[in-house]
Amino acid sequence: MEDKEKKQDSLYVKLIPYFEKYGILLLLVIMILVMHILQPDVFLSWRNVTNVFKQISWQSMLALGVFMVIVTAGIDLSVGSIMMLSLMILAIVAKAGAPWFIVVLVPLFAGFLCGLINGLGITLLRMPHPFIMTLGTLYIFRGTGNLISGGTPISGFTDEVRYLGHGRIDLTWLGLEKSQYLPVSLVLIAVVYFVFWVFLNHSRTGKWIYAIGGNPSAARASGINVNKILIIVYSLCGFLSGIGALILAGRTDSGYPNAGLQSELDAIAACIIGGASFFGGRGTVLGVFAGVMIMGILRNGLNLMDVSSFWQQVLIGSIIVLAVYVDVLRRDFGTRK
Amino acid sequence: MTSTNKLLLEAKGITKYFGTITALENVNLKVHEGECLGVVGDNGAGKSTLMKVLSGLYKPSAGALFFEGKEHVLDSPKDSQNLGLEMVYQDLALAGNLPIGENIFLGREPTKNIGFLKFLDFKKIKEMTSAHLEKLKINVKSADQKVEELSGGQRQAVAIARSTAFNAKVVIMDEPTAALAIKEVGKVLDLINKLKSTGVGVIVISHRMDDIFTVCDRVMALFQGTNFAESQLDKTSRDEVIGWIMGKK
């Protein structure tokens, strides 16, 4: 009986799990090839590739945070505001003349604290949906950022503070030219994504995050403290937004009121394109990275080809709808109803 | 006779109020080793509330729980699990997005330490899952299969496997066959008999007389939150038990 069932699985059916896991990477590779064909001289040049990574560096932190929240079937609309508030606090502390290691730690702590507020609000105040709590804090955090800074940009940080966002790792010892450097932010993305991949896939807490997204009552019945896990998830999301603030401080050398405006929507879009399900429990860290890259490459490529940014909006929107439709089709095949 | 076996779980005078509503009043219950107790009652009779009290999900307003002769206060499902008291919920309480093995060990995953960090031990999860499913004669393609890919009967089997993975002494099942196709009901009932033969005490809440009269040794009826009637199974009949459910003696 069992063997018979196995034989009935066609090659097509066997390929589904692989497609599910790596389909998004396939899309990424196709995009890279298309861009390369369209812009053979520029697109894959050292300068442009490092540029793409620098551009996506802070978005990738927000997307990773939002991804964890989405896995629990929640949402965090406040990440852009958390980043802005953390950035403003960083700028104020830097202007006050604090030593660089304090200035670097402050946004991480501020971001963590903002996330903690979200987590506590969602669980202790028993908000009907995280959408509402984080919609509230979207306004609260940005408003606070403007209040403490007077709504004006604060510029000029030391090199140490700017290192993560602006630093370069010299590769001339490999025989490469001086212009062929490795951005520190690229290394940071790799390290942070790896650490969170290990956390989500190989730790109990990570497994429980997926379990909560799959069936919160199952998690509760298993003795998992669901509220505690949710508070951890939202706090980590805030912490990652704080890292985003630190990177952005390095890139722009300035704290400014519009920092991260609407970037929460970009972060959510990257997760959805990367295969995370809004119903929770589904999605991979690799997928989110691919989602961030696809959005970054699309913007970069269209800029190179001098396509209007209005078209970029239309294209990104279309990709979101298409990506989710593919997911709907996949589910029809993959799951017993 | 099962009553000569060791008494595992006893609830005495359990009362539970929700605001002004009295869900349970002075309810008593006993389960022995290797015995299956059927709990019947109409909707709203208090069956589910009683089970939630026994599993530590609800705190009783009055009354006491004794496990193997000692009184225990349960603050959470974790406490009852630690005693060896497991619950199989009607909605199955499985996470469909996770594989069978990870569902069985959810919340109690084996880990291995690397330095001061703890990592999930996937190899051990898989080995323990295969061995446990083998023991209960539950057939699935592989322990890595996601639960959402399983049939209703297989899911129920996984839920029962989950409840017994940590040497449970008492397993409480809420409507274990309610959501199943007819051909799968027999398999689940076989599984309950298998548990009994290993000395596990089983409490089955069910509307289905077939279930009660196939696996249970004793049956008790709740009516409007109170003990209404109780009997050894061989001293009663289906018609009598159905009468109890409707409040007739």
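Helices (H or I, at least four residues) and strands (E, at least two) are DSSP runs, numbered from the N terminus.

The model is predicted: local features need pLDDT of at least 70, side-chain atom pairs count only at pLDDT 80 or more, and totals for chains, interfaces and linings use all residues. Residues are numbered from 1 along each chain as its sequence is written, while chains are lettered from A and ligands numbered from 1 in the order in which they are written.

**Exercise 1.** Decide whether A:Leu87 is buried or exposed, and list what A:Leu87 touches.

*Solution.* 
- Step 1. Locate the residue: A:Leu87 lies in helix α4 (residues 79-95) of chain A.
- Step 2. Apply the cut-offs: a residue is buried if 20 or more other C-beta atoms, placed from the backbone, lie within 10 Å of its own, exposed if 12 or fewer, and partly exposed in between. A:Leu87 is buried because 32 other C-beta atoms lie within 10 Å.
- Step 3. List the contacts (C-beta atoms, placed from the backbone, within 7 Å). Leaving out residues up to four places away in sequence, A:Leu87 touches A:Pro107, A:Ala245, A:Leu248, A:Ala249, A:Gly255 and A:Ala259.
- Step 4. Compare sequence with space: A:Ile243 is 156 residues from A:Leu87 in sequence, yet the C-alpha atoms are 9.5 Å apart.

**Exercise 2.** State how many residues each chain gives to the contact between chains A and B, and sort those of chain B by class.

*Solution.* 
- Step 1. Chain B gives 25 residues and chain A gives 21 residues.
- Step 2. On the chain B side, α2 (77-83) and β8 (117-120) each supply at least two residues.
- Step 3. That side has 10 nonpolar, seven polar and eight charged residues. Ala, Val, Leu, Ile, Met, Phe, Trp, Tyr, Cys and Pro count as nonpolar, Asp, Glu, Lys and Arg as charged, and the others, Gly among them, as polar.
- Step 4. For the prediction of the complex, the predictor gives an ipTM of 0.83 and a pTM of 0.88.

Terms used:
Two residues are in contact if their C-beta atoms, placed from the backbone, lie within 7 Å.
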